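The following paragraphs lead the reader through a protein model, from its overall build to individual residues. Please keep the sequence and the structure in view while reading.

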Amino acid sequence: MAHSRRNTEAIRDYLSDADRVVEVGIGRRTDLASALAKSGISVVATDVHERTVPDAVTFVRDDIVEPDASVYEKADALVAQNLPPELHRPTLAVARAVDATFVFTTLGGDQPAVPVERKTIPGGTLFVAN
């Protein structure tokens, strides 16, 4: 668990200058959204399935492949954890459309499907899309 917590803290710290963040595909992992909200960032979490999120986080059911643009409009950053490669391009397209930074981690040995800058964080790599 310490590994996961350090990873969460590193991503939170990377996004510390953001006012509003959308976490794409939150799934059952609410630690990052919670940490961002506790640090004063407005957080919207999305997923294709209905999910329970902390009180300080707003949940919107949305599919990044066919997104509701209004969900992402005022975001400073889009963030995703363990994002599968087939969702890298659609998420980057949304981030570009709303002029937001896109940062993500992948699962296991998956490589990014979009151009990125790599940031080493505890336990892995944070990808920052170009």
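Two residues are in contact when heavy atoms of theirs lie within 4.5 Å. Among contacts in the protein chain that join residues at least 6 apart in sequence, 44% link residues at least 24 apart. The model to which this value belongs is a predicted one.

The overall build may be considered next. The protein chain contains three helices and seven strands, and along the sequence these follow the pattern α-β-α-β-β-β-α-β-β-β. Taken along the principal axes, the box filled by the C-alpha atoms is roughly 35 × 30 × 25 Å. The radius of gyration is 13 Å, which agrees with the value near 14 Å that a compact globule of 130 residues would have. Of the 130 residues, 46% count as buried. The accessible surface of the chain comes to about 6800 Å², and 46% of this area belongs to carbon and sulfur atoms.

The strands form an open sheet. Its seven members stand in the order E3-E2-E1-E4-E5-E7-E6, and their pairing is mixed. At the edges are strand E3 (57-61) and strand E6 (116-121), each of which pairs on one side only. From one strand to the next, the twist averages 25°. Within this sheet, strand E5 (residues 101-104) and strand E7 (residues 124-129) pair in the antiparallel sense over two bridges; Val103 has Val128 in E7 as its bridge partner. Helix H3 (residues 88-97) lies across E5 and E7, and also across strand E4 (77-80), running at about 150° to E5.

Which residues have the most contacts inside the largest nonpolar core? They are Ile11, Leu15, Val21, Leu36, Val43, Val57 and Val79, in a core of 22 residues. Helix H1 (2-14), helix H2 (31-38), strand E2 (42-47), E3, E4 and E7 each supply at least two residues of this core. H2 provides the largest share, with four residues. Apart from this core lies another, of 21 residues, including Ile64, Val71, Ala75 and Leu83.

Leu36 touches Arg12, Leu15, Val21, Ile41 and Val43, when residues up to four places away in sequence are not counted. Just after H2, Gly40 takes a positive phi of about 95°.

Two other residues with positive phi are found in loops. Asn82, in the loop between E4 and H3, has a positive phi of about 55° although it is not a glycine. Is this residue buried, partly exposed or exposed? Asn82 counts as partly exposed because its relative accessibility is 32%, a value between the limits of 20% and 50%. Asp99 lies in the loop between H3 and E5. Its positive phi is about 60°, although Asp99 is not a glycine. With a relative accessible area of 71%, Asp99 is exposed, since that class begins over 50%.

Note on methods
Residues numbered from 1 in each chain as written. Predicted model: local features only at pLDDT ≥ 70, side-chain atom pairs only at ≥ 80, totals over all residues. Heavy atoms only, no water. Pairing = 2+ DSSP bridges. Axes fitted to C-alpha atoms, helices over the stretch in contact; angles between N-to-C directions. Rg over C-alpha atoms; globule rule 2.2 N^0.38 Å. Buried < 20%, exposed > 50% of the residue type's maximum accessible area, 1.4 Å probe, protein only. Areas by Shrake-Rupley, 256 points an atom, 1.4 Å probe, with all protein chains shown as cover. Core = buried A, V, L, I, M, F, W, Y, C linked by side-chain atoms within 4.5 Å.
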